[in-house]
Amino acid sequence: MRGLTLGLLLVLMCLPLGVQGEESIKQLFLLQEDGRLVVSNNKFSRFDELKLNAREKVLDTLEANSVAVIYTNQRIIGYGVLSGFRDIKTEAGERLAELKGEDYAALVVTSRRLLNFNGKSGVWGERKRSK
């Protein structure tokens, strides 16, 4: 009986305390260097690069588990470890209010729009803000 109890105790000690899904594991890191953005895509063990346009300046960034958003003076760039880079143009006079992100989802709130980015599909959703 004592051997069975000890064996059961060893099995219980080897079980994980909590199940951590893939969504919560850090899968990317964002770097800015020499007029380009470089993403370390840890999910696929690769580096993806995007060159910035002439006179384009990064104003703010968001880095979450599996998604990143880069807000520049010309466009909003989303990156998902499954979808890669996808961008949309900023509107004239539009200002950034807030960036949020978690897992494969990002939210961009500007002075004119609400935008969401799906890092799995690479699709941007957009809605005009009410005045």
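Reply: What follows sets each label against its definition. This is a predicted model, where local features need pLDDT of at least 70, side-chain atom pairs count only at pLDDT 80 or more, and totals for chains, interfaces and linings use all residues. Residues are numbered from 1 along each chain as its sequence is written, and side-chain values use heavy atoms, with hydrogens and water left out.

Me: What elements does the protein chain hold, and in what order do they run?

Reply: The chain has 1 helix and 11 strands. From the N terminus the order is α-β-β-β-β-β-β-β-β-β-β-β. Helices (H or I, at least four residues) and strands (E, at least two) are DSSP runs, numbered from the N terminus.

Me: Why is β1 called an edge strand?

Reply: β1 (28-33) pairs on one side only, and so does β3 (46-51). Their open sheet has 3 strands in the order β1-β2-β3, with antiparallel pairing.

Me: How do you know that β8 and β9 pair?

Reply: The same rule applies: at least two bridges are needed. Strand β8 (residues 96-102) and strand β9 (residues 105-110) have 6, in the antiparallel sense, so they pair. Glu102 stands opposite Ala105 in β9. The hairpin has 2 residues between the strands, and Asp103 takes a positive phi near 50°.

Me: Why is the pair of Phe117 and Trp124 called tilted?

Reply: Rings of Phe, Tyr and Trp (its six-membered ring) pair if their centres lie within 6.5 Å; planes under 30 degrees apart count as stacked, over 60 as edge-to-face and the rest as tilted. These centres are 4.9 Å apart and the planes stand at 45°, so the pair is tilted. The whole structure holds 2 aromatic pairs.

Me: Are Phe117 and Trp124 buried or exposed?

Reply: Both are buried. Buried means under 20% relative accessible area, exposed over 50%, partly exposed in between (1.4 Å probe, protein chains only). Of the 131 residues of the chain, 36% count as buried.

Me: What makes Lys120 a charge over the ring of Tyr104?

Reply: NZ of Lys or CZ of Arg must be within 6 Å of the ring centre and within 35 degrees of the ring normal. The charged end of Lys120 sits over the Tyr104 ring, 4.9 Å from its centre. Lys26 lies over the face of Phe29, at 5.2 Å from the ring centre.
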